[in-house]
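Me: Please show me the sequence and the model. I have some questions about individual residues and about how one chain is divided.

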Amino acid sequence: MSTYLDFETPIKELEDKIQQAKNIGEETKVEMKDKIAELEKKLNEKTKEIFKGLTPWQRVQMSRHPDRPYTLAYINAITNNTFQEYHGDRNVKDDKAMVGGFGLVKDKTVMFIGQQKGINTKMRQYRNFGMPNPEGYRKALRLMKLAEKFNKPIVTFIDTPGAFCGLEAEERGQGEAIARNIYEMMRLKVPVICIIIGEGASGGALGIGVGDKVVMLENTWYSVISPESCSSILWRSWDFKEKAADALKLTSEDMKKNQLVDDVLKEPINGAHRNHEEMFETVKEYISKSIESLEKIQQDKRISQRIDKFCSMGVWNE
Amino acid sequence: MSWFKRKKEGITTSTKEKKETPEGLWHKCVNCKTLHTQQDFEKNTYVCNRCSHHERIGSEEYFKIIFDDNSFVELDVKMTSADPLQFSDTKKYTDRVQSTIKSTGLNDAIRTAQGKINGIDLVVACMDFSFIGGSLGSVMGEKISRAIDQSLKTNSAFMIISKSGGARMMEAGFSLMQMAKVSGKLGLLSEKKIPYISYLTDPTTGGVTASFAMLGDLNIAEPNALIGFAGPRVVKETIGRDLPEGFQKSEFLLEHGFIDYIVDRTELKEKLSHTLKLFQS
């Protein structure tokens, strides 16, 4: 069963009405075609209207929508089920919040890496809610180095409420693990594409987020802190999350405007969560086109362009 | 019954004869409450000589400790924060920055300088916790980047003294990307085989720990400094139980393999210049 957010209620009502009309039509043999067409037109308009005017906080809610596709769903669809998952950081264990492995995109091998959330309560716990431990970041780096060795491009999917803040995570150097990834990703010899498909929370996201192309899906967020935590720190209360979401300029639109990401990928009219297939297709096309154009650039140049891009970020007075 | 008895009544000192004790002549250690004269305390690099507590100090003091004869050239002195997001929480970001500049006399949470340590060329980027918690924003990112450029240009060793709560929320996405920016620059330093020493002091957390502070060729730390990714309060809330003693302190990080050595501030200059000599000789 689908889940509807509060601002999606008018959509749900219209969808229910259409279903009712269809049922009546079938049961009573009364011609309902016109009625249904009218309702569908209305639904289309209403959907457009709602999704055009989403507030930043509503976009944050969209990014966390339980019906949104998660990393493995993207990978399996894009690779046409040729994906093979690899496990473990070779030091401590296998982190279930981070997945990775090779797969084919249009007959070309690509390394896929990403944070993975669970689809139900049990799986959410198993995946630690998409919050990796240091070994998750180290597994990611190990796989990136593997891809570099065999000259395969890398695609990362970012969807995390943050790196895990546990006791063992600190013992095993969460900070160092993320720092090392940022440093190494900056200098990877192969093309790197990073796609934010849901939540892009701070260092936890950046730990697999340094690439030649960093791109956000339309209804996602990416910032230095979640609006809830920002509210609790700056306003000293959890009640200002909407305000914090506004202030952080965390939407794809704002991040692109501030040149902190390279592109924004349009979602289906009613969001990625209502039409997975269309979303997968958009992402797949973007990936194969980007790889093609990035591979044309000479290796050294690609790396220095990547470094220059990040080094030009920032605004100051002097 | 008391041991001594006052014989003369009404002993008073006339106002004229009262001795003035200027403010700031004495320092009381916040840890063991021992009194030192300010002069002794400064001479001992702001470390209590009884309990070895390291008082939090800023860039001015660190530069004095490190650079020969306190002589150095400061870089990019005038750079200050812009407000790219027109950020406002309970206070406007621009107002917050202006009032902090006024109250601290600093222009941002970092100062960068070039000088010599026991004759060896060194570029230092040092944070000031008193400036919005030593937070990492565009200014810090850019100043460190340029300090690294200076290091590259003059072939001098590079050092960052970290003392920060993490990224500056008021610059949101811009602050986050400073982590990538500085890490990118450090790669260039590495290519040229110029040593980078990361000195972690109390406290170093958040985005600073998750980027350049952990990327030193050597990571060294002050004793008993809080160093971590998440702050201890957050970790405690996450795991729902009390934290072990010494958790996230320098000694804990040394034990877990993230710090090369811990150095008392009183020995910093000697030990650091010895390290640099070992890289050079």
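Me: In which loop of chain B is Asn224(B) placed?
Reply: This is a predicted model, in which local features need pLDDT of at least 70, side-chain atom pairs count only at pLDDT 80 or more, totals for chains, interfaces and linings use all residues, and side-chain values use heavy atoms, with hydrogens and water left out. Residues are numbered from 1 along each chain as its sequence is written, while chains are lettered from A and ligands numbered from 1 in the order in which they are written. Helices (H or I, at least four residues) and strands (E, at least two) are DSSP runs, numbered from the N terminus. Asn224(B) is in the loop between strand E9 (218-221) and helix H6 (232-239).

Me: What is the phi of Asn224(B)?
Reply: Most residues other than glycine have a negative phi. Asn224(B) is not a glycine, yet its phi is positive, at about 60°.

Me: Is Ser52(B) buried, exposed or partly exposed?
Reply: Ser52(B) lies in the loop between helix H1 (38-43) and helix H2 (59-66) of chain B, and its phi is positive, near 65°. Buried means under 20% relative accessible area, exposed over 50% and partly exposed in between (1.4 Å probe, protein chains only). Ser52(B) has a relative accessible area of 32%, so the class is partly exposed.

Me: Which residue is joined to Pro203(B) by a cis peptide bond?
Reply: Pro203(B) is found in strand E8 (residues 196-204) of chain B. The cis bond has an omega of about -10°, and the partner of Pro203(B) is Asp202(B).

Me: Why does His65(A) count as buried?
Reply: His65(A) is in the loop between helix H3 (56-63) and helix H4 (71-78) of chain A. Leaving aside neighbours within four places in sequence, its contacts (heavy atoms within 4.5 Å) include Thr3(A), Tyr4(A), His273(A) and Arg274(A). His65(A) counts as buried because its relative accessibility is 0%.

Me: What separates the C-alpha atoms of Leu75(B) and Arg146(B)?
Reply: Leu75(B) lies in strand E3 (residues 72-75) of chain B and is buried, with a relative accessible area of 13%. Residues touching Leu75(B), not counting those up to four places away in sequence, include Lys143(B) and Ala147(B). Leu75(B) and Arg146(B) are 71 residues apart along the chain, and their C-alpha atoms are separated by 8.4 Å.

Me: How far apart are the centres of domain 1 and domain 2 of chain A?
Reply: Domain bounds come from an automatic or database domain assignment. Chain A is divided into domain 1 (13-53) and domain 2 (60-311). Taken over C-alpha atoms, their centres are separated by 37 Å.
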